[in-house]
Amino acid sequence: TVSGPTLMTLADTATYLLLVAREGALAADGTPSAAARSVTTSLTMHFLRRPEHGDVVAEARLLKGGKRLSVVEVFLRPLGSEDAVAHATVTYATP
């Protein structure tokens with residue numbers, strides 16, 4: 001199976017990549033963007049069923065994109081399946 005900590009890392013990484021893709025990695029002056037400097041403040045994970053050993057895909061959706069906090073919902077599914085094995089709600093703080 002795929003371990004819980006691995007699924008949590010995937011959800012957190014998907015959230016970070018969504019936020020950076022939305023704003024870009026660099027600001028206009030060449031410094032890291034606010035999204036690139038964002039940090040995880042909360043990650044709530046619900047394990048729905050045990051995934052078989054294999055590839056897992058994360059689908060991240062922005063629920064709230066504010067100046068200070070962003071909230072993202074992430075569904076984790078085995079590759080080629082529509083049945084979620086886990087669901088996460090992740091909050092990031094932007095400095």
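Is Tyr92 buried or exposed? Tyr92 is buried, at 3% relative accessibility. Here buried means under 20% relative accessible area, exposed means over 50%, and partly exposed lies in between (1.4 Å probe, protein chains only).

Before moving on, some ground rules. This is a predicted model, in which local features need pLDDT of at least 70 and side-chain atom pairs count only at pLDDT 80 or more, while totals for chains, interfaces and linings use all residues. Residues are numbered from 1 along each chain as its sequence is written, and side-chain values use heavy atoms, with hydrogens and water left out.

**Stop 1: the sheet**

Select the strands. Helices (H or I, at least four residues) and strands (E, at least two) are DSSP runs, numbered from the N terminus. Four strands make an open sheet, in the order β1-β4-β3-β2, with antiparallel pairing. Two strands pair if DSSP finds at least two bridges between them. Colour β1 (39-47) and β2 as the edges: each pairs on one side only. On average, neighbouring strands of this sheet are turned by 20° against each other, direction ignored. Axes are lines fitted to C-alpha atoms, for helices over the stretch in contact, and angles run from 0 to 180 degrees between N-to-C directions.

Zoom in on β1 and β4. They run antiparallel and are joined by eight bridges. Pick Leu43: Val90 in β4 stands opposite.

**Stop 2**

Show α1 (residues 4-23). This helix lies across β1, β2, β3 and β4, and runs at about 50° to β2. Contact means heavy atoms within 4.5 Å.

Now select Tyr16 and Tyr92. A search of the whole structure finds one aromatic pair. Rings of Phe, Tyr and Trp (its six-membered ring) pair if their centres lie within 6.5 Å; planes under 30 degrees apart count as stacked, over 60 as edge-to-face and the rest as tilted. The rings of Tyr16 and Tyr92 have centres 6.4 Å apart and planes at 40°, so this pair is tilted. Tyr16 sits in α1 and Tyr92 in strand β4 (residues 86-93), so the pair ties together parts 76 residues apart in sequence. Tyr16 is partly exposed, at 29% relative accessible area.

**Stop 3: the core**

Which residues touch the most other members of the largest nonpolar core? Select Leu7, Ala11, Met45, Val74, Leu76, Ala86 and Ala88, out of 17 residues in this core. A nonpolar core is a set of buried Ala, Val, Leu, Ile, Met, Phe, Trp, Tyr and Cys residues joined through side-chain atoms within 4.5 Å. α1, β3 and β4 are the elements that give two or more residues to this core. α1 gives the most, with five.

Centre on Ala88. Leaving aside neighbours within four places in sequence, Ala88 contacts Ala11, Thr44, Met45, Val72, Glu73 and Val74.

**Stop 4: the salt bridges**

How many salt bridges does the structure hold? There are two. A salt bridge is a side-chain nitrogen of Lys or Arg within 4 Å of a carboxyl oxygen of Asp or Glu.

Select Glu59 and Arg77. Their side chains meet in a salt bridge at 3.0 Å, N to O. Glu59 lies in strand β2 (residues 56-65) and Arg77 in strand β3 (residues 69-78), so the pair ties together parts 18 residues apart in sequence. Glu59 is partly exposed at 47% relative accessible area, while Arg77 is buried at 16%.

Finish with Arg61 and Glu73. This salt bridge spans 2.4 Å, N to O. Arg61 lies in β2 and Glu73 in β3, so the pair ties together parts 12 residues apart in sequence. Arg61 is partly exposed, at 47% relative accessible area. Glu73 is buried, at 13% relative accessibility.
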